[in-house]
Amino acid sequence: MKDLTHQFLLFIERQLSYVFLNVLYHTMRYTITGLKKPYPHAIYAFWHRDIMPLMINRKNEKVAIMISPSRDGNYMAAPAIKFGFIAVRGSSSRKGMSALKEMIKLSKNHSLAITPDGPKGPAQILKEGVLQLAYLTKLPIIATRTHVSDAWVFNSWDRFYCPYPFSRIKIEYSKPFYISSKENFEEYKKEIESFMNEEGWWK
């Protein structure tokens, strides 16, 4: 009975989170720069803290997104699926190989999304997993950076945030990065990381 109660409460929490995010979507004002339209077939890379406004903005595009199999990941996976994403459960620390294989399989027909500093950081430091995925799938990486005017900021490793209603959100997409050789990993890592961490780009 205790397990059933827990599952029921978790179900309610997931439903409420989707309703809240859907309402939030209709209040936020987005400004998109860089790549104006969704790239036909790519890997979108963004920091873990930015997942909420980006997920809301890119709903119903059937993008395959890698989400941690942890309990915290459960709260993002449910609304992500309702928003039209394909949730692949895995991370660098848990179910990593099976998730990588699933992402490669899905890459044939879908764009991919990944947080290269997840699931536990360090924050805003790009791990090589996204480069490896780009090298194996031959898809370009589109780096993404986000600025939110006002938000609730959580006391977490990544400073995860939830935008306030009616907040202004700026998103900028990079040029496509094609990873053709493993020898170039470090070079591309620095360039992509620099783009994503640039200060004041939104001004």
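Phe-177 is buried, having a relative accessible area of 4%, where buried stands for under 20% relative accessible area, exposed for over 50% and partly exposed for what lies in between (1.4 Å probe, protein chains only). The model is a predicted one, in which local features need pLDDT of at least 70 and side-chain atom pairs count only at pLDDT 80 or more, while totals for chains, interfaces and linings use all residues. Residues are numbered from 1 along each chain as its sequence is written, and side-chain values rest on heavy atoms, with hydrogens and water left out.

Phe-177 and Tyr-188 form an edge-to-face aromatic pair, with 6.2 Å from centre to centre and 80° between the planes; rings of Phe, Tyr and Trp (its six-membered ring) pair if their centres lie within 6.5 Å, and planes under 30 degrees apart count as stacked, over 60 as edge-to-face and the rest as tilted. Because Phe-177 lies in strand S9 and Tyr-188 in helix H6 (residues 185-197), the pair ties together parts that are 11 residues apart in sequence, the helices (H or I, at least four residues) and strands (E, at least two) being DSSP runs numbered from the N terminus. Tyr-188 counts as buried, at 17% relative accessibility. The structure holds six aromatic pairs, and the pair of Phe-154 and Phe-160 is tilted, because the ring centres are 5.9 Å apart and the planes stand at 55°.

The largest pocket holds about 1,100 Å³ of space, a volume being the space filled by probe spheres set on grid points that are joined across faces, edges and corners. A pocket is found on a 1 Å grid over the protein atoms alone, as an open set of points where a 1.4 Å probe fits, with protein on both sides within 12 Å along at least five of seven lines, and lining residues have an atom within 4 Å of a point. The lining comprises 41 residues, of which His-48, Ser-68, Asp-72, Gly-73 and Pro-119 lie nearest the centre of the pocket.
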